[in-house]
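I opened the model today and kept notes as I went. The entries follow the order in which I looked things up.

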Amino acid sequence: MNKTILVTGPDLDPSAKQLLADHGYKAVHTPPYADSAVISEYLKSSGAVGIVSRMGRIDESVMAGAPQLRVISKHGVGVDNIDLEAAARRGIPVLVAAGANAISVAEHAIALLLAVVKRILPLDAGLRAGRWEKPGFAGREIAGATIGLMAMGAIAQATGRMAQGLGMKVIGYDPYADDSAFKSLGADRCANFEDLLSRSDILSLHSPLTEQTRSILDASAIARMPKGSYVINTARGGLIDEEALLRAIQSGHLAGAGLDTFAVEPPKADHPFFAEPRIVLTPHIGGVTREAGVRVGVDAVSGIFQVLAGEPVSPSRIANRKLLDATNHTIAK
């Protein structure tokens, strides 16, 4: 069997690279944000039997041109860049590194929260431009505010714990989560999304991007949020109607937003968010830390080894498990 793994992106943590080498595998890397045609060409030319998915979309055309492909392992948890149904039809499990980057992403969510609520960037810019803006300034305390978590996975729970350390009240909404996820935090469980919106001084998004959640934070949803509230997004940019968010900030209904993700990545150079100082932006790097890189990279390649060796894989790690079952494709469990 070919012992090549394709990494869709230029980097992989040295610990993961060493693990590949220890198992007799080699990694081939695509350029950053390569399109499907480029990924397909790399997959064909390398003969890779597994993919570590970091950047770029892995769609049906990529899989159709690679009959040797046996497993796709996401470098993280968001699989909206992978065609799960196409993979299931070919009996290809799609794995996720659940929880491996939770602390890093949660820390980044809190950093965005602090930066936007405390207006760190515009105040820093004003001072550097020669303005002393203390006269007339009125900031806002975070302690006592309510943070609403949309979805209650590992990242959301870590964010909630950190928010509690700042004296915030935590509420959440997730129709699929067990009550234990809320009880472990002492968080109020909202009955529906509308309830979460109306009670959140700060709304933090942690949901996967699906057809049901795409643009879920649209104009009507934002209108339900309290005047002067904030939005933090370290999940997927497609959860937000970006035009509606911008209008709400410009109108003053929302006080600001902290965003690590965009609907299209990278965003165009003239993206309207860049001209709005009440939006703090980072280039989808919430989980890109040395510590998370080790955990996620090792989890990603370890899962590939398990599948290729026919070893048991935790069902919670298989993003398309139900689809595989529905198409009568199984892997070791």
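**Entry 1: around β9**

I202 stands opposite Y230 in β10. I noted first that this is a predicted model. I then looked up how β9 and β10 are joined. Strand β10 covers residues 229-233, runs parallel to β9 and is joined to β9 by four bridges.

Next I checked the other neighbour. Strand β6, residues 146-150, also pairs with β9 in the parallel sense, over four bridges. Which residue of β9 is the bridge partner of I147? I found I202 there.

Then I looked at the side chains of β9, residues 202-205. I202 and S204 point one way, while L203 and L205 point the other way. Are these four buried or exposed? I recorded all of them as buried.

**Entry 2: the second largest pocket**

Y230 came up again here. I found Y230 among the residues closest to the centre of the second largest pocket, together with V116, R119, A255 and R278. The volume of this pocket is about 210 Å³. Its lining has 17 residues.

Helix α5 (102-117), strand β11 (254-259) and strand β12 (279-281) each give at least two residues to the lining.

**Entry 3: the five-stranded sheet**

I moved to an open sheet of five strands. What is the strand order? I read β2-β1-β3-β4-β5, with parallel pairing. The edges are β2 (26-29) and β5 (94-95). Each has a single partner strand, so one side of each is left without a neighbour in the sheet.

Helix α2, residues 36-46, packs on this sheet. I saw that α2 touches β1 (4-8), β2 and β3. The direction of α2 makes about 165 degrees with that of β1.

I also looked at one pair inside the sheet. Strand β3 (residues 50-53) and strand β4 (residues 71-74) pair in the parallel sense over four bridges. In that pair, I51 stands opposite I72 in β4.

I kept one rule in mind: most residues other than glycine have a negative phi, and most peptide bonds are trans. I then listed the exceptions I had looked up.

A cis peptide bond joins E265 and P266, with omega about -10 degrees. P266 is placed in the loop between β11 and β12.

S215 has a positive phi, near 55 degrees. I located S215 in the loop between β9 and α10 (219-223). Is S215 buried, exposed or partly exposed? Its relative accessibility is 31%, so I logged S215 as partly exposed.

H284 also has a positive phi, near 55 degrees. H284 lies in the loop between β12 and α12 (290-308). At 26% relative accessibility, I logged H284 as partly exposed.

**Entry 4: D124**

Last, I looked up D124. Where is D124 found? I placed D124 in helix α6, residues 120-128. Its relative accessibility is 33%, so D124 counts as partly exposed.

D124 and I147 are 23 residues apart along the chain. Their C-alpha atoms are separated by 26 Å.

Definitions and conventions. Residues are numbered from 1 along each chain as its sequence is written. This is a predicted model: local features need pLDDT of at least 70, side-chain atom pairs count only at pLDDT 80 or more; totals for chains, interfaces and linings use all residues. Side-chain values use heavy atoms; hydrogens and water are left out. Two strands pair if DSSP finds at least two bridges between them. Contact means heavy atoms within 4.5 Å. Axes are lines fitted to C-alpha atoms, for helices over the stretch in contact, and angles run from 0 to 180 degrees between N-to-C directions. Buried means under 20% relative accessible area, exposed over 50%, partly exposed in between (1.4 Å probe, protein chains only). On a 1 Å grid over the protein atoms alone, a cavity is a set of points where a 1.4 Å probe fits but cannot get out, and a pocket is an open set with protein on both sides within 12 Å along at least five of seven lines; lining residues have an atom within 4 Å of a point. Grid points are joined across faces, edges and corners, and a volume is the space filled by probe spheres set on the points.
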